[in-house]
Amino acid sequence: MKKWSSETEIEAPIEQVWKLFNSSLEEMQKIMPQVIGHEPVKVTPEGTGSIFRQKYKEGKRVEEYDVETLEYLNTPDTKKLKIGFVLANMFEITALYELAKVNESKISFSYTATNTALKWYAKIFLLFANKKTVGSFVEKVKQTAEAEHKR
């Protein structure tokens, strides 16, 4: 299993950043434009255990998979969303998004991703995976949230 983490501070209210992860497909696409579908399959009252069918477009290829909510916390000062899914029957992936209020207009944002190869030959792909993707995503969330906050 490979694991990468990155964190930053974002100059925006916690609820504004949270809606990028926990809202509509339109909001999600601001930080993940490759996600072209996000339909509920099963929604639980507590969030954990909810399943959404996502469609992800990479070039001309579209992958469809079920994303399960593994952890969910939504309090005024702390937000946490951990999801898991299997991609192309080759990789088991988790993504953990954690937001903590620093003050009314600043949060701490942390993103941790794991990737486990499910087939022996898929392990080769993990040799070329790096932290750059996680860092780029954290920066995209920061830029998007701060730009919207300044409007």
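## Briefing: pocket, sheet and core

The largest pocket is lined by 49 residues, of which Tyr 56, Tyr 65, Phe 85, Ile 93 and Tyr 111 lie nearest its centre. On a 1 Å grid over the protein atoms alone, a pocket is an open set of points with protein on both sides within 12 Å along at least five of seven lines, and its lining residues have an atom within 4 Å of a point. This is a predicted model, in which local features need pLDDT of at least 70 and side-chain atom pairs count only at pLDDT 80 or more, while totals for chains, interfaces and linings use all residues. Residues are numbered from 1 along each chain as its sequence is written, and side-chain values use heavy atoms, with hydrogens and water left out.

**The pocket**

- The volume of the largest pocket is about 1,400 Å³, a volume being the space filled by probe spheres set on the grid points, which are joined across faces, edges and corners.
- Two or more lining residues of the largest pocket come from each of E2, strand E3 (51–58), E4, E5, E6, E7, helix H3 (123–127) and H4; here helices (H or I, at least four residues) and strands (E, at least two) are DSSP runs numbered from the N terminus.
- E4 gives the largest share of this lining, namely six residues.

**The sheet**

- Seven strands form an open sheet in the order E1-E7-E6-E5-E4-E3-E2, with antiparallel pairing, where two strands pair if DSSP finds at least two bridges between them.
- E1 and strand E2 (35–42) are the edge strands, each pairing on one side only.
- On average, and with direction ignored, neighbouring strands of this sheet are turned by 20° against each other; axes are lines fitted to C-alpha atoms, for helices over the stretch in contact, and angles run from 0 to 180 degrees between N-to-C directions.
- E7 pairs with E1 in the antiparallel sense over nine bridges, and Phe 109 in E7 has Thr 8 standing opposite.
- E6 and E7 run antiparallel and are joined by twelve bridges, forming a hairpin with two residues between them; Ile 93 stands opposite Asn 115 in E7.
- Ten bridges join the antiparallel strands E5 and E6, and Lys 80 stands opposite Glu 98 in E6.

- Because nine of the twelve residues of E7 are buried, E7 is largely enclosed by the rest of the structure; buried means under 20% relative accessible area, exposed over 50% and partly exposed in between (1.4 Å probe, protein chains only).
- H4 lies across E1, E6 and E7, and runs at about 25° to E1.

**The loop between E5 and E6**

- Ala 88 lies in this loop and, though not a glycine, has a positive phi near 55°; Ala 88 is partly exposed, with a relative accessible area of 38%.
- Asn 89, also placed in the loop between E5 and E6, has a positive phi of about 55° although it is not a glycine, and is exposed, with a relative accessible area of 59%.

Conventions. Contact = heavy atoms within 4.5 Å. 1 Å grid on protein atoms, 1.4 Å probe; cavity = no way out; pocket = protein on both sides within 12 Å on 5 of 7 lines; lining within 4 Å.
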